[in-house]
Amino acid sequence: MATKTVQLEIKRQASPDAPAAWEKFEVEWRPGLNVTSALMDIALNPVTADGHATTPITYDSNCLEEICGSCAMRINGKARMACSTLIENIEQPVRIEPLSKFPLVRDLQVDRSVLFENLKAVRAWVPVDGTYDLGPGPRVFPQQQEVSYPLSNCISCTCCMEVCPQFNEETGFVGAATIAQVKLFNNHPTGKVFKEERLRALAGDGGIQECGYAQNCVEVCPKQLPLTNAISDVSRDVLIQKAKDFLRG
Amino acid sequence: MAAPKIIVVGGGLAGLAAVIKIAEAGGSVDLFSIVPVKRSHSVCAQGGINAAKNLKGEGDTTDKHFDDTIYGGDFLANQTPVKAMCEAAPAIIDLLDRMGVPFNRTPEGLLDFRRFGGTLYHRTAFAGATTGQQLLYALDEQVRRYEAEGKVKKYEGWEFLSAIVDSKGQARGITAMDLRTMELRAFPAGAVILATGGIGAIFGKSTNSVVCTGSAQAAVFQQGAYYANGEFIQVHPTAIPGEDKLRLMSESARGEGGRVWVPRKPGDNRAPRQIPEAERLYFLEEWYPKYGNLVPRDIATRAIHKVVYENGLGIDGQPMVYLDLTHIDRATLDRKLGGILEIYEKFVGVDPHVEPMKIFPGMHYTMGGLWVDFNQMTNIPGLFAAGECEYQYHGANRLGANSLVSCIFGGFRSGPIALDFAKSASAPEGDGGAAVELARQAEINARLIKNEGGENPFKLWRELGNTMTEHATVIRYNAGLQKADEKIVSLLDRYKRINLSDRSQWANTSFAFARQLKNMLELSRTVVLGAKLRDESRGAHYKPDFPDRNDEKFLKTTKAGFTGDVAGPRLELEDVDIQYIKPRPRRYDVAK
């Protein structure tokens, strides 16, 4: 009996300077098969659909349950997490490419460290006095926790940046993920001590005014972060901050 | 004098906790991680973190937390460090709260707590069902702050290969490999802390992340560090069976009222909601009336095995049971368990709000690990370990929600102690052995990249996983363990004929994996042979041929030392510190 198979087309590139080429693969279909498992199948038997020996695919992955944010890639043209993309829910052949807005490392692996640099620039942390025992933190009512928690669910996958028309070298736009973290920390009773600095960091070139409200970010976010809400809230705060700074001279 | 440099390997909760303490004390840190630290396996922890804050008026105390932990671990843990951890836990929660972790709250704005396995108290603070993620982010943010201040330098995308050990046997730094350029480099340091997590990958499929190979622990084990209680492996009762991994379904599902059941009639193929209450067997509630669905994990796992394999009551004859949340209202489920319900729905395609989940036990946690003293130091002076990669807080079985607290506590302890060690250490002679160690690693790499043979490393790994899962998880027999060891020895032999289909020197993931695989194979033997030696049943280690705990012979820590000999590691038994709580029989059908 012939086993059911899955057709994959994967964009390969051995290094940042090497030419890119597509390779076709065929792996056995199983119920619940996800894209990362298909990539693991190729590592077990690195041979293309037409029988040529090749190398295992280089890609980032870790938790395989959509919480570490590693395995973002373009699958059938859409930025998404490879682990939570089940083959049975998508069209074949499955076309897999690296994210296009970040420096390529190899095959499906890209360098997304720009996001972590952005988080540094906006001081995305609560400046505690020290780690010694200073008693409990400030009281936080459940209503406020229910605003913070979804923002704190950002897995840094960078899908929102990949799909944003404004996220490119020309604008230097920080992207939605960083803006959402600004909202998170500006709303924290202690974190808001840096509110003005964060807003100023988003006020210049590459800041929040680069956003063109395409709303692709909120649609693509695998964790359903309220990104457009965060952008409009922070936009308003940045404008107020600019006005204050202007009046203060 | 400039502050000494400390190296921390691993950027999960334990590693980041160590980094924060060192930076705060004025030390400088090089932090190594295979993945960007924010993507470490700690993100997968779901249910919560334990601390006896007693905010529910139940009279909970740190002493009760201590007793539950020791009892839950079947008396195998050394009591002094566990006592210290339980006493420190409330202040750790306060600190995390101050750092901005979005813990769930009571209407008054205080921390909310829920129940977890192995205790009768509401002792578990939680942030939805993604507590590990939220805790890791809080520590990651603090480390980013120190990074911005220049106190921490991150080496993300570097893999630890070995410790640099000088001629007197003291750790003087590490060797590591850049996973993009494949560059090998020696990094000197005044002390080294390993915080490299669990070893799930040696079981093939587990709830662990891809990076949890135990490779770093195995490397220093082969350099002379003891590996303790390797045979104690936690199999979590409720995981979603999967093609590529077993996805955890948090104990918090039961903490919030989830019930485990099977149809009473074998082969009953009605849809779960068509089966009336009277025809359902809530076997945990029936067998363990006092703790019910919240018995510790080893107990729940064996009960599920029994109901499936002895009583033949698995759903549709398959190895699966129901975990049912459908009697709880949607708003409560979403507020308290949203994250894990989303995982089930995404990967199984069924909505657990309306349909009971189908689950089965899966390898989850490594109680054993690098042997350390009460100061978190291995037997190699200057080499410390913290978090899941060391052995000292959970004995023979870990209680749910104790891992996050043990990681942070171990990290907090190890950081300042390592810094003090480095301050008082003598200067190394010459390069401290760095050049010799680097040459040894370069030779291993050179041999591996051009090795000729027909073995695919990923296939060898799959065979290892199958063997370990079959013989060294829930139920163990000496004959099976012997077979598993023979299999590992044969895999080590076949490893010599490994062939990398990729011989390039840029981001070569098969090469990195092949290096890990060798270490995984060596470490597997400590699990299997430790289990074989221990002719008793204790916590997660269960042998039907020796069904009782035997304190006289085995109230001992197993210490494995590497020999390099085909006979395998040398095993010795060490007394356990039981100075506070006298061992007593462990049972969960009645209050303890």
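**Exercise 1. Which residue of E5(A) is the bridge partner of A:Ile75, and how do E3(A) and E5(A) run?**

Solution. In this predicted model, A:Ile75 has A:Ile96 as its bridge partner in E5(A). The strands E3(A) and E5(A) run antiparallel and are joined by two bridges.

Step two turns to E4(A). There the bridge partner of A:Ile75 is A:Lys78. E3(A) and E4(A) pair in the antiparallel sense, over four bridges. The two strands form a hairpin with two residues between them. In the turn, A:Asn76 has a positive phi of about 50 degrees.

Step three concerns the faces of E3(A). In a regular strand the side chains alternate between the two faces of the sheet. On one side of E3(A) are A:Ala72 and A:Arg74, and on the other are A:Met73 and A:Ile75. All four are buried, so both faces of E3(A) are covered.

**Exercise 2. State the strand order of the open sheet in chain A and find which strands stand at the edges.**

Solution. The order of the five strands is E2-E1-E5-E3-E4, and the pairing is mixed. The edges are held by strand E2 (21-28) and strand E4 (78-81) of chain A. Each of these has a single partner strand, so one side of each is left without a neighbour in the sheet. On average, neighbouring strands of this sheet are turned by 35 degrees against each other, direction ignored.

Next, take the pair E1 and E5. Strand E1 (residues 5-12) of chain A pairs with strand E5 (residues 94-97) of chain A in the parallel sense, over three bridges. Here A:Ile10 stands opposite A:Ile96 in E5(A).

**Exercise 3. Which peptide bond is cis, and where does A:Pro93 lie?**

Solution. The peptide bond from A:Gln92 to A:Pro93 is cis, with omega near -5 degrees. A:Pro93 lies in the loop between E4 and E5 of chain A.

Now consider phi in chain B. Most residues other than glycine have a negative phi, and most peptide bonds are trans. B:Phe75 has a phi near 70 degrees, a positive value in a residue other than glycine. B:Phe75 sits in the loop between helix H2 (62-72) and helix H3 (79-98) of chain B.

B:Gln376 is not a glycine either, and has a positive phi of about 65 degrees. Its place is the loop between strand E18 (369-370) and strand E19 (383-385) of chain B. B:Gln376 counts as buried because 28 C-beta neighbours lie inside 10 Å.

**Exercise 4. Describe how H12(B) and H13(B) are placed against each other.**

Solution. Two packed helices are described by the angle between their axes and the distance between the axes. The axes of helix H12 (residues 457-471) and helix H13 (residues 478-495) of chain B come within 9 Å and cross at roughly 170 degrees. Angles over 145 degrees count as roughly antiparallel, so H12(B) is roughly antiparallel to H13(B).

For the residues in this contact, H12(B) gives, among others, B:Leu460, B:Leu464 and B:Met468. H13(B) gives residues including B:Leu481, B:Ile488 and B:Tyr495. By class, the residues of the contact of H12(B) with H13(B) are eight nonpolar, three polar and four charged.

**Exercise 5. How many residues of chain A are in contact with chain B?**

Solution. The contact joins 57 residues of chain A and 57 residues of chain B. On the side of chain A that touches chain B, the elements giving two or more residues are H1, strand E6 (104-106), helix H2 (113-121) and helix H3 (142-152) of chain A. That side has 25 nonpolar, 25 polar and seven charged residues.

**Exercise 6. Is B:Ile233 buried or exposed?**

Solution. B:Ile233 is found in strand E12 (residues 233-240) of chain B. It counts as buried, with 27 C-beta neighbours inside 10 Å. Leaving out residues up to four places away in sequence, B:Ile233 touches B:Met363, B:Thr366, B:Ala472, B:Thr473, B:Val527 and B:Ala540.

Conventions: Residues are numbered from 1 along each chain as its sequence is written. Chains are lettered from A and ligands numbered from 1 in the order in which they are written. This is a predicted model: local features need pLDDT of at least 70, side-chain atom pairs count only at pLDDT 80 or more; totals for chains, interfaces and linings use all residues. Two strands pair if DSSP finds at least two bridges between them. Axes are lines fitted to C-alpha atoms, for helices over the stretch in contact, and angles run from 0 to 180 degrees between N-to-C directions. A residue is buried if 20 or more other C-beta atoms lie within 10 Å of its own, exposed if 12 or fewer, and partly exposed in between; C-beta atoms are placed from the backbone. Angles under 35 degrees count as roughly parallel, over 145 as roughly antiparallel, 65 to 115 as roughly perpendicular and the rest as oblique. Two residues are in contact if their C-beta atoms, placed from the backbone, lie within 7 Å. Ala, Val, Leu, Ile, Met, Phe, Trp, Tyr, Cys and Pro count as nonpolar, Asp, Glu, Lys and Arg as charged, and the others, Gly among them, as polar.
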